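Reader: I am new to reading structures. Please pick one part, look at it closely, and then lead me on from there.

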Amino acid sequence: MTEQATRSAAELLVDEGLITADQLIAAEASAHATAEPVLTVLVRQGAVSKKDVVRVTVQAAGLDYCEILDYVVDPRAIALLTGEQARKYSVIPISLDERGVTIAADSQTAMDWQVREDLQAITRQPVRFAVSLRGEIQTRLNLLYRAEAELGELVKDLLQDEAAVDLSTPVVSTKDAPLVRYVNLLLSQAIADQASDIHVEPAEDSIRIRYRIDGVLKEMAPAPKEIQSAVISRLKIMADMDIAERRRPQDGRLSVVAGGRKIDLRVNCLPTVWGEKIVMRILDNSAVMMSLPQLGFSPANLQKWKTSYDRPYGMLIVSGPTGSGKSTTLYATLNAVIRPEVNIVTVEDPVEYRIPGINQVQTNAKAGLTFASSLRAILRADPDIVLIGEIRDHETAQIAVEAALTGHLVLTTLHTNDAPSVLTRLSEMGIEPFLLGSALQCATGQRLARRLCDKCKRPSEVTSSQLEVIKFEAPNGITPTIFDAVGCSSCAHTGYRGRLAMHEVMPMTEEIERLATSRASSDEIRRMAIEQGMRTLRQDGWLNVALGATTITEVLRVTA
């Protein structure tokens with residue numbers, strides 16, 4: 001961009017009242033000193049958003065700008081490009097009239113004359129560009145061009161292509177083979193939908209495809225039974241499994257590139273009466289880089305948890321059912337304590353996320369590398385912090401407790417319903433209660449609830465009597481704003497987008513330690529913890545409802 005165009009864009013920001021003249025003068029001085037564009041300085045200083053900078057820059061260059069996430073797209077325009085073509089160029093046709101077709105693109109694509117010529121040849125229409133943010137184009141692209149239609153066409157090709165069904169032939173190595181494209185599209189659509197798992201389930205007369213999105217399984221278009229063996233074998237080959245073995249469960253791993261990011265998938269194969277079922281867990285490493293506040297810890301709970309992990313030794317346990325985000329919380333805690341002077345070692349089954357600067361050990365039962373044997377070896381490797389994927393048996397629990405008592409910080413998970421049950425569960429595993437009181441620093445119970453879509457949520461019409469029935473408690477000092485889920489194109493008409501965690505954090509106090517030593521029940525421990533200020537999972541859920549982050553229905557669904 002020329003200096004004159006940059007100046008014009010900056011002046012537009014002042015004219016629209018987005019920045020003051022003094023802010024512009026200060027930014028120009030800073031830009032001169034650092035040799036940066038003045039618009040870059042304004043964004044870095046937080047004076048203006050990147051979206052506003054793009055908009056005024058586009059306007060200064062004499063181009064149109066489009067808020068693509070909220071734009072009502074003309075179906076006739078969308079029909080001019082296939083999903084494959086739109087994804088290839090990262091563009092969206094948004095309107096069609098007698099002058100031609102208007103296509104939303106990022107600023108770089110809009111300036112590319114070769115792309116313009118290609119699109120004019122494909123659409124057979126004069127092409128005009130409207131500039132939008134690249135990330136927003138990608139989001140809307142995935143919502144407008146769903147994979148179902150393309151998958152249906154590929155299924156037809158597969159049924160007609162007998163060679164594609166025989167995985168022993170070289171056709172699977174051909175980039176454009178229908179089978180390869182079908183499987184790739186299954187994976188790419190799941191990643192675009194931000195699914196956590198993909199289920200490929202053989203049934204009596206079809207293949208059932210389901211994505212787990214925000215913790216809820218969503219049915220996709222089924223595939224015919226005739227291509228079952230081809231699809232299953234293709235996935236097993238990608239995950240480096242034995243395709244000849246169909247009687248035993250198998251585990252594997254594969255990597256794909258989506259949106260310029262490398263994403264790992266953990267693959268499990270389970271024999272069923274109708275054939276082998278494949279479940280793929282999508283491991284997006286961006287989740288590992290989340291901070292504890294991003295996970296949904298309230299300030300009070302975060303302070304209690306931080307006090308515990310700031311100590312040089314002791315055991316911290318995150319409890320909850322499968323899929324409640326326990327591992328993500330542990331990784332976020334590791335991110336908070338990782339330093340060059342600290343030796344961190346993990347033992348996991350399996351290692352889901354690879355983190356630089358951490359020594360990660362994966363258990364291998366066949367080789368005799370169990371949680372217990374790994375832990376013994378790890379404790380001889382001079383660790384400061386030890387992460388144990390899960391405590392499953394007495395031996396692992398005993399070594400973890402001993403490690404916490406001998407100067408190590410131990411982070412681990414346990415399958416219990418709430419934080420107070422951690423003490424009784426470990427006692428049932430054979431750990432002496434007096435050791436628990438000394439070793440355990442903090443126990444946290446966790447659940448995941450779906451987060452409301454900010455674009456379509458609306459205030460709820462719930463009455464005070466209805467709130468009394470469910471014992472809704474608004475936190476002190478907060479005026480509740482309760483919302484309902486609606487549904488829009490941004491959230492795939494679910495009303496929810498993303499998830500948040502609800503916690504109950506129970507630090508070990510003298511009173512709770514005394515109850516644990518006397519083998520008190522979890523109910524007694526819970527009453528004492530609440531007296532000492534522990535907010536229960538349900539109460540933490542009500543806080544999120546009052547803040548407009550989730551719904552009453554979600555809190556009731558995931559908490560007891």
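Predicted model: local features only at pLDDT ≥ 70, side-chain atom pairs only at ≥ 80, totals over all residues.

**A pair of helices and what lies around them**

Author: Helix H17 covers residues 371-379 and helix H18 covers residues 394-405. Their axes come within 8 Å and cross at roughly 20 degrees. Angles under 35 degrees count as roughly parallel, so H17 is roughly parallel to H18. The crossing of H17 and H18 is left-handed.

Now look at the residues that meet. H17 brings Phe371, Ala372, Leu375, Arg376 and Leu379. H18 brings Glu395, Thr396, Ile399, Ala400 and Ala403. Sort the residues of this contact by class: seven are nonpolar, one is polar and two are charged.

Next, the core. The largest nonpolar core has 38 residues. Met315, Ile388, Ile391, Leu423, Leu426, Leu440 and Met506 touch the most other members. H18 gives this core its largest share, six residues.

Take Met315 from that list. Leave out residues up to four places away in sequence. Met315 then touches Ile391, Ala400, Val401, Ala404, Val410 and Thr412, among others. Its partners also include Leu426, Ala439, Leu440, Gln441 and Cys442.

In soluble globular proteins, nonpolar side chains tend to be buried together.

Helix H12 spans residues 178-192, and helix H13 spans residues 228-238. Their axes come within 10 Å and cross at roughly 70 degrees. The range from 65 to 115 degrees counts as roughly perpendicular, and H12 and H13 are therefore roughly perpendicular to each other. On the H12 side, the contact uses Leu179, Val180, Tyr182, Val183, Asn184 and Leu187. On the H13 side are Ala230, Val231, Arg234, Leu235 and Met238. By class, this contact has nine nonpolar, one polar and one charged residues.

Finish beyond H13. Arg247 sits in the loop between H13 and strand E9, residues 250-258. Is Arg247 buried or exposed? Its relative accessible area is 71%. Exposed means over 50%, so Arg247 is exposed.

Terms used
Residues numbered from 1 in each chain as written. Heavy atoms only, no water. Axes fitted to C-alpha atoms, helices over the stretch in contact; angles between N-to-C directions. Helix = DSSP H or I, 4+ residues; strand = E, 2+ residues; numbered from the N terminus. Parallel < 35°, antiparallel > 145°, perpendicular 65-115°, else oblique. Left-handed = near helix turned anticlockwise from the far one by under 90°. Contact = heavy atoms within 4.5 Å. Nonpolar A, V, L, I, M, F, W, Y, C, P; charged D, E, K, R; others polar. Core = buried A, V, L, I, M, F, W, Y, C linked by side-chain atoms within 4.5 Å. Buried < 20%, exposed > 50% of the residue type's maximum accessible area, 1.4 Å probe, protein only.
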